[in-house]
Amino acid sequence: FMLYVDNWSNNGVTFNLTWDLAPANILDCTLPLEFLSFEAEPKARQVDLRWTTGHEVNTAYFQVERSVDGVHFGQLGRVEAGGYTQGATEYLFVDAAPAKGTNYYRLDQVDGDGARDYSKVVTATYSWGTVPLNVYPNPAGESLWAAFEMPEEGSVGWRITDMSGRIVSEGLSNVAAGMNQVEVPLARIDAGSYLLEVLDGSGVSLSNARFVKQ
């Protein structure tokens, strides 16, 4: 902090600078909050948001906001603030359903009197990665069921390849956030050993499993 004294002149006359404090340990010029850090860390199924404050004066809560374009932000959740604190205070918020790609995050800090201020914007690049895939029955007959968990709703592609790597069947399926069971038709596939591969909307492989068609 820096304090400016107005109408001062270098005339050799000393003076005392005094002011009243209420309460006695808080200066009127103290800012309501000091951010020491704000970070976004992508994990396998989520993004962890962590921030630390140096001191707080009459802070009410933090509104966590996210954007996929860095311009338009929407509210994700709310974290209660410490109110009046001295020293470092750490906070954690988990984005359990981040968007695939770059996520932009910021904090809208709200005081007890309704005043608010935004933090800096931080980013985290999130990808689904490999998802566990179970297929049944195996050996299969006229159809095969694929069970897997997805972090958000959308669509996935699937394709079946034979042992030489040739694609013998493929298709698209709509999925919901959470556990999904997708039926894969096998009526037009000859008996033999095959590989089922599940892909995201951009064609990136999420998982695969081998099965036998009777």
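A residue counts as buried when its relative accessible area is under 20%. Keep that cut-off in mind as you start, and remember that the model in your viewer is predicted.

**Stop 1: Trp51.** Select tryptophan 51. Its relative accessibility is 1%, which is under 20%, so tryptophan 51 is buried.

**Stop 2: the rings of Phe38 and Trp51.** The structure holds six aromatic pairs, and you have one of them on screen. Two values describe a pair of aromatic rings: how far apart the centres are and the angle of the planes. For phenylalanine 38 and tryptophan 51, the centres are 6.1 Å apart and the planes stand at 90°, so this pair is edge-to-face. Colour strand β1 (residues 33-42) and strand β2 (residues 47-56): phenylalanine 38 lies in β1 and tryptophan 51 in β2, so the pair ties together parts 13 residues apart in sequence.

Stop 3: Switch to a cartoon view. Strands of a sheet pair through backbone hydrogen bonds, in a parallel or antiparallel way. Here you find an open sheet of three strands, antiparallel in its pairing and ordered β1-β2-β5. At its edges stand β1 and β5 (85-95); each has a single partner strand, so one side of each is left without a neighbour in the sheet. On average, neighbouring strands of this sheet are turned by 15° against each other, direction ignored. Follow β2 alongside β5, and you will pass nine bridges in the antiparallel sense. To see one of the contacts with β5, pick glutamate 56, whose bridge partner there is threonine 85.

**Stop 4: Tyr194 and Phe211.** Next, select tyrosine 194 and phenylalanine 211. Their ring centres are 5.9 Å apart and their planes are at 25°, so this pair is stacked. Tyrosine 194 belongs to strand β14 (residues 192-199) and phenylalanine 211 to strand β15 (residues 205-213), and the pair links these distant parts of the chain, 17 residues apart. Tyrosine 194 counts as buried at 7% relative accessibility, and phenylalanine 211 counts as buried at 2%.

**Stop 5: Arg106.** Which rings does the charge of arginine 106 sit over? Show its side chain with those of phenylalanine 73 and tyrosine 118. The charged end of arginine 106 sits over the ring of phenylalanine 73, 4.1 Å from the ring centre. Arginine 106 also lies over the face of tyrosine 118, at 4.1 Å from that ring's centre.

Notes:
Residues are numbered from 1 along each chain as its sequence is written. This is a predicted model: local features need pLDDT of at least 70, side-chain atom pairs count only at pLDDT 80 or more; totals for chains, interfaces and linings use all residues. Side-chain values use heavy atoms; hydrogens and water are left out. Rings of Phe, Tyr and Trp (its six-membered ring) pair if their centres lie within 6.5 Å; planes under 30 degrees apart count as stacked, over 60 as edge-to-face and the rest as tilted. Helices (H or I, at least four residues) and strands (E, at least two) are DSSP runs, numbered from the N terminus. Buried means under 20% relative accessible area, exposed over 50%, partly exposed in between (1.4 Å probe, protein chains only). A charge sits over a ring if NZ of Lys or CZ of Arg is within 6 Å of the ring centre and within 35 degrees of the ring normal. Two strands pair if DSSP finds at least two bridges between them. Axes are lines fitted to C-alpha atoms, for helices over the stretch in contact, and angles run from 0 to 180 degrees between N-to-C directions.
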